[in-house]
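Q: I'd like to learn how to read surface patches, helix packing and salt bridges in a model. Can we walk through one together?

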Amino acid sequence: MRHVQAAIHRPIATVMIYIALAAIGLISSQLLPLEKWPDVEWPGIFVQVPYPGSTPQEIERNITRPLEESLATLSGVEDMRSWSTSNESRIWVQFKLGEEASAKGIDARARIDAARENLPADVRDLFVFTGSLADEPVLLLRISSERDLSNSYDMLDRLLKRRIERIDGVSQVRLEGVDPREIRILLNPHRLATHGIDARHIRDQLVRANFSISAGRITDNGRRFTIRPEGEFRSVEEFENFRIGDGDLRLADVATVELRTPERNYGRHLDQTYAIGLDIRKSTGANIVQVVDRIMEEVNAVRELPQFRDINIFTLQDQGDDIRDTLSDLIKSGMIGAILAICVLYLFLRQLSTTLIVTLSVPLSLLITLGALYFLGFSLNILSMMGMMLAVGMLVDNAVVVTENIFRRRQCEEGDPLTITSNAVSEVGLAVIAGTFTSISVFLPIIFGDKNQIAVFLTHVAIAITVAMLASLLIAQTLIPMLASRVKLP
């Protein structure tokens, strides 16, 4: 085996290569995204169309069915389900495993735009989401106070929500439980009847009068002017003074105009006190632990502001702490298993230097695995950590077989230790390779076979074990013989 002879006769180059691989693994351990679960993107899209103030039958007839007919033309559709309520239409489209959800989302938006002319004219928003575990909030905060916070939307939005949105790695911040104030127009039916005014006529006039559009540009003597007519209402008084008919009839004559907080149809409480929710999501590829740490630093700075003196901000769920606790437990379990493995090796080998040489394959294999996970685009999560911990017991198998045969041949034969070591490794080389690839072959169907909901997650375990065992095989045939050939026999 040429790589064995090269490693034995070039010790400095061999050591430097593995030092470089270990350094890459250490650096990768800091760059790998930390996640509780893998960022698995489900092969499906979710379409949401808000349409409040209607009935489920009307939404199903006018919104859900036209969208279903348009989305059914997408390729690879396995299942489609819809829900029509009094406030919105929701459609879930599931594709075959292996389909790229992001590309399907683009196609779905094109289909929806084509079907938009068949929808009611007053449908404003159409949302298309792709399913991913990364879409779950990484941090849930609750805000409560002894004073009334129902009118505190502007303050919370300006001093808390916007400051968190500017943090690197934050993709979305949702403030729930408090809403911005809105204009509420209560028409008096008796006054409308007296003046002969139709409510629909008032609505159409308000829609036409409240606008802000671009009307093009005007060039005059080398100067260019942008024309932008604006007719937006900016105060309650402008609404009240708006003329709605012939003569001097104004909106205030037939309606009551108020700037007030909208009525809530849901509630959120913390310790029997009404609370406001703040749900924070991270951007794709961001490190959850680092993002949460930056958010909590900003939240602690907000707590010191005078406006938040009597406002309490509680952490309801913190994925950063959950990940730290989970990974810490896995690392402790792995360390205990590694120590037990070293003790068992020493009981059988009865030599400290041999035991240390064999044990060296464990940390080096794990560091090489971390580097490979980084370059393969994986993250450090519960499943990948579990794969590395499960591989700890198997990583020493190759090193034990090679080391035992080296020392046995050196005790039985006289001659050059380097030559004897090379022959000893070649003698068991085929058996070590066969044993390693036999174990790896168990995981290959998970990595390269047909994907299902279980295999998508188990791939992270299989990749970690496979890379670690390949690294241990390489170490057992290069670094271990080089070190063993230079250890004096007892």
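Predicted model: local features only at pLDDT ≥ 70, side-chain atom pairs only at ≥ 80, totals over all residues.

Q: How do I describe the way two helices pack?

A: Packed helices are described by the angle between their axes and the distance between those axes. Here, H2 and H13 pack at about 55°, with axes 7 Å apart. H2 and H13 are therefore oblique to each other, and H2 passes H13 in a left-handed crossing.

Q: And what about charged side chains?

A: Side chains of opposite charge can pair when their charged atoms come close. A search of the whole structure finds twelve salt bridges. One of them joins Asp-279 and Arg-142 at 3.6 Å, N to O. That pair links strand S12 to strand S5, 137 residues apart in the chain, and both partners are buried.

Q: How far apart in helix H11 are Asp-321 and Arg-324?

A: About one helical turn, because they are three residues apart. Their salt bridge spans 3.3 Å, N to O. Asp-321 is partly exposed at 37%, and Arg-324 is partly exposed at 35%.

Q: Which residues form a salt-bridge network?

A: Asp-157, Lys-161, Arg-162 and Glu-165. Within that group, Asp-157 and Arg-162 meet at 2.8 Å, N to O; Asp-157 is buried at 8%, whereas Arg-162 is partly exposed at 44%.

Methods:
Residues numbered from 1 in each chain as written. Heavy atoms only, no water. Axes fitted to C-alpha atoms, helices over the stretch in contact; angles between N-to-C directions. Helix = DSSP H or I, 4+ residues; strand = E, 2+ residues; numbered from the N terminus. Parallel < 35°, antiparallel > 145°, perpendicular 65-115°, else oblique. Left-handed = near helix turned anticlockwise from the far one by under 90°. Salt bridge = Lys/Arg side-chain N within 4 Å of Asp/Glu carboxyl O. Buried < 20%, exposed > 50% of the residue type's maximum accessible area, 1.4 Å probe, protein only.
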